[in-house]
Amino acid sequence: MNFTDILEGQKTFFNSQKTKSLSFRRIHLEKLREVVLHNENLLYEAIDKDFGKSRFETYAVELSFILKDIDYYLKNLKSLTKPKRVSTNLANQLGSSKIYAEPLGNTLVIGAWNYPYQLSLSPLVAAMAAGNTCILKPSEIAENTMKAMAKIINENFPKDYLFVAEGGVEETTEILKLKFDKIFFTGSPKVGKIIYEAAAKHLTPVTLELGGKSPVVVTSSANFDVAAKRIVWGKFLNAGQTCVAPDYVLIDEKVKDSFLDSLKMYIQKFKYEAGSEQYTQIINDRNFERLLKLIDQEKVFYGGNSDASKRFIEPTIMQNVTWEDAVMQEEIFGPILPVLTFKNFNEALIQINKHEKPLSAYLFTGKSEEKKNFISKISFGGGCINDVAMHLSNEALPFGGVGNSGIGNYHGKFGFEAFSHQKGILDRATWGEPDLKYPPYSEKKLKWIKKLL
Ligand code: NAD
């Protein structure tokens, strides 16, 4: 596939101005909704082949997000694209000032494999809503979903507008040599740096949606039953292969033992078993092997078993874990939950601050003082109080990382803004202007300028 030709076609198409009209955006967003719904079964089959994800989860945490995004933009397109009137300062009277949301142009979206539809198509939807063309490169690691997206997009949309590029590192490296107007990447911090470097060569703006070790802090004032239930759900959803999954638990040492029992109770209740509808496989052998190395059997409180033939790793809880253990040296991205303890809450926050800024952080507490300290003292992309992961399902909140966990954000109006340039325009009257700023200068003019500026 010649990516240069595809991009050239998209450049010509963008310059035709067609993608900018609201009716064009609406027609194609509606078409995408139709295409997704029409191909629902094909999408379910592909993801099942890739890592055994059920129809329920695929709808609940993938397709519903894309459909909801399309609806959001269809409903809000008019207000999002409407020029925003802002005040005009004294020096620019008589005039009016407005901010115009301008499509950036030819965009590139690179997706991750763990929620292959959501993480590829949601940014694509935002790019379309903002009036851009887009080349989408889904992750080749989830090969069947990549092919399914290529099929449904490339067969239903002109390649000069939207195109799904298949391929791995080699192809992505070729694509990254081209000059885009925006690159939106979801993946690891390690590859994020490669993308940022490639983008820098063309001064292309980026959104980098990365990962990290997202902590969940449980204090002695928490509702433990609710905490255990929500943490178990958020951790073992997609077998822990979720960017906003709680990576590890930091709990007050006084309440650790009973809390471990609650975690175990919910794991059993939710029936996370090999081949079951609620439990997913590990994506590939490489990750399966990597995860097994992180499990220290001597520290296993629950689980720890695996089956290589099914790429199944039992939900595993590790206790007596220290910051030096292998499981604390990298983002886990699998169904292993290390539990660490703290003596006092502030000490826990200090520990978190010693590490890279995580994508998410969570706190279970009954005390408002602890909430305040948690929000103000540690830096992280976003998170929840008394829940995990659900912040990303609220489109009114920006979703993204900070520092090592990413640059920029999206969802709802933030997604639209990620793919738009805010163009400020001052529109001046041709009359009523004092001669102050024009030479020749004088002391009198300086006196007035001092008052005006
Ligand atoms: P990854 O970084 O390995 O791959 C992501 C994408 O980059 C893929 O499309 C892949 O083809 C491409 N890629 C890989 N190596 C490349 C290279 N050398 N040059 C150019 N492109 C390359 O990430 P992954 O394994 O797909 O996903 C796991 C990571 O993504 C985790 O760190 C996770 O936290 C993060 N993640 C973040 C979010 C988020 O929304 N912030 C969502 C999901 C996953």
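Cys243 counts as buried because its relative accessible area is 16%, where buried means under 20%, exposed over 50% and partly exposed in between (1.4 Å probe, protein chains only). This comes from a predicted model, in which local features need pLDDT of at least 70, side-chain atom pairs count only at pLDDT 80 or more, and totals for chains, interfaces and linings use all residues. Residues are numbered from 1 along each chain as its sequence is written, and side-chain values use heavy atoms, with hydrogens and water left out.

For Cys243, the closest cysteine sulfur sits in Cys384, 12 Å off, which is too far for a bond. A disulfide here is a pair of cysteine sulfur atoms within 2.5 Å, and the count by this rule is 0. Cys134 isn't in one either: its nearest cysteine sulfur belongs to Cys243, 19 Å away. Cys134 is buried too, at 0% relative accessible area.

Next up is Thr88, in the loop between strand 1 (84–86) and strand 2 (95–103); strands are DSSP runs of E with at least two residues, helices are runs of H or I with at least four, and both are numbered from the N terminus. Thr88 has 17% relative accessibility, so it counts as buried. Leaving out residues up to four places away in sequence, Thr88 touches Gln93, Gly95, Ser96, Ser97 and Leu426, contact being heavy atoms within 4.5 Å.
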